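Hi,

Here is the structure I promised to pass on.

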Amino acid sequence: MIRVSQLRKTFGATVAVDGISFEVAEGEVVGFLGPNGAGKSTTMRMLTTYLDPDAGEIEIAGVDVLERPIEARRRLGYLPESAPLYEELGVLETLRYAGRIRGLGGARLRDRVDAMVDACGLEKVVAKDVGELSKGYRQRVGLAQTLIHDPDFLILDEPTTGLDPNQIREIRALVRRIGETKTILLSTHILPEVQATCSRCLIIHDGKLVADDDPNRLVDATASATGQRFRLVIRGTTAAAARPALKRVPGVSDVEADDLPDGAVAAAVTGAGDALGEELFRRAVKEDWVLAELRPERASLEDVFRRLTHGDEEGDR
Ligand SMILES: Nc1ncnc2c1ncn2[C@@H]1O[C@H](COP(=O)(O)OP(=O)(O)OP(=O)(O)O)[C@@H](O)[C@H]1O
Ligand SMILES: [Mg+2]
């Protein structure tokens with residue numbers, strides 16, 4: 001397992017990582033989220049021995065990363081934010097080179113390169129130079145390089161950044177497949193990716209851990225903290241008339257209503273209580289409205305993220 005305790009890193013006056021602690025159990029795929037500048041990459045660089053912390057402890061599979069960095073590295077695969085690849089090297093050469101750096105040679109190296117071509121879907125591009133590849137394929141080569149020595153632990157820093165939706169889906173499927181046999185910590189800004197891929201997510205903000213839980217549980221917790229939201233389309237009234245009528249519905253805390261071009265009213269209602277949907281329906285009957293639509297809107301990980309990081313995607317230092 002990965003065990004991080006009270007990790008801290010400053011760059012001059014900037015506190016990049018401010019005493020974070022977490023664990024990743026063997027076999028888990030954990031998402032690492034946070035706004036730009038939150039400290040994700042800095043944390044990952046410390047986990048992978050590329051940066052020394054100011055304070056704290058890191059343990060990977062029982063190995064103290066700070067005391068025995070070389071042994072820790074053997075267990076780790078790290079895909080940094082911008083994977084370093086040599087444009088003029090061929091795909092196979094790149095993998096062989098990565099393997100040799102990791103101490104592989106001979107038949108074992110050949111086997112591992114073949115296995116990586118297979119696992120990362122590189123068959124079509126084995127004859128090409130890295131410089132000729134699309135971003136998605138480059139990323140696959142990066143992943144193959146990261147996996148060449150068959151590490152049990154993978155640290156992936158935004159593996160799908162800059163990819164198109166199809167490539168994102170492919171890399172996500174690849175990560176999920178790899179995750180069946182490995183322990184993965186993965187940072188990303190694509191929140192649905194976390195719900196699709198991860199059994200747990202960590203959210204970091206200003207260098208501090210602000211959430212550590214199952215993504216679905218985080219979504220439920222946010223939904224019960226901020227209330228449920230319903231979308232309505234109503235005929236037979238105006239936004240000006242519907243607004244106060246909806247506000248009077250028991251449990252309702254917030255109403256937005258707008259007149260649509262076709263004469264209907266679109267409303268979004270937030271409130272608490274299990275019976276909110278029923279209450280809204282009853283109000284519509286009482287007011288003699290035609291309810292063209294009444295739809296609960298499920299909270300998303302995006303709502304969780306916004307709530308815990310105060311909506312700043314900028315990083316405020
Ligand atoms: N080498 C460095 N020198 C100085 N400051 C740094 C250095 N690396 C990171 N920082 C600062 O540390 C903070 C955390 O940066 P980090 O790269 O870890 O954020 P991040 O969460 O990975 O953000 P992003 O989503 O943009 O990748 C930022 O304020 C950043 O400017
Ligand atoms: Mg980063």
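What follows is a short tour, from the overall layout down to a few single residues.

Before anything else, please keep in mind that this is a predicted model.

I would start with the open sheet of six strands, which runs in the order β6-β7-β8-β3-β9-β10 and has mixed pairing. At its edges stand β6 (76-79) and β10 (208-213); each has a single partner strand, so one side of each has no neighbour in the sheet. From one strand to the next, the twist averages 15°.

**Strand β8.** Strand β8 spans residues 183-187, and five of its five residues are buried. In a regular strand, side chains alternate between the two faces of the sheet. In β8, Thr183, Leu185 and Ser187 point one way while Ile184 and Leu186 point the other way, and all of them are buried.

What does β8 pair with? One partner is strand β7 (residues 153-157), in the parallel sense over five bridges. Within that pairing, Phe153 sits opposite Thr183 of β8, and Ile155 has Leu185 as its bridge partner. Strand β3 (residues 29-33) also pairs with β8 in the parallel sense, this time over four bridges. There, Val29 is found opposite Ile184 of β8.

If you trace the chain between two of these strands, you will come across helix α6 (residues 165-179): together β7, α6 and β8 make a right-handed β-α-β unit.

**Around ligand 1.** Which residues come nearest to ligand 1? Of the 13 residues around it, those are Phe11, Ala16, Lys40, Ser41 and Thr42. Two elements, β2 (14-24) and α1, each give two or more residues to this shell. The largest share is that of α1, with three residues. By type, the shell around ligand 1 divides into three nonpolar, eight polar and two charged residues.

- Gln6 has a phi near 50°, a positive value in a residue that is not glycine. Gln6 belongs to strand β1 (residues 2-11). Is Gln6 buried or exposed? With 12 C-beta neighbours inside 10 Å, Gln6 counts as exposed, because the cut-off for that is 12 or fewer.
- Thr49 has a phi near 75°, again positive and again not in a glycine. Thr49 is placed in the loop between α1 (40-47) and β4 (55-60). Thr49 has 18 other C-beta atoms within 10 Å, so this residue is partly exposed.

Cheers

Notes:
Residues numbered from 1 in each chain as written. Chains lettered and ligands numbered in written order. Predicted model: local features only at pLDDT ≥ 70, side-chain atom pairs only at ≥ 80, totals over all residues. Buried ≥ 20, exposed ≤ 12 C-beta atoms within 10 Å, placed from the backbone. Near = placed C-beta within 6 Å. Nonpolar A, V, L, I, M, F, W, Y, C, P; charged D, E, K, R; others polar. Pairing = 2+ DSSP bridges. Right-handed = clockwise from strand over helix to strand, strands pointing away. Axes fitted to C-alpha atoms, helices over the stretch in contact; angles between N-to-C directions.
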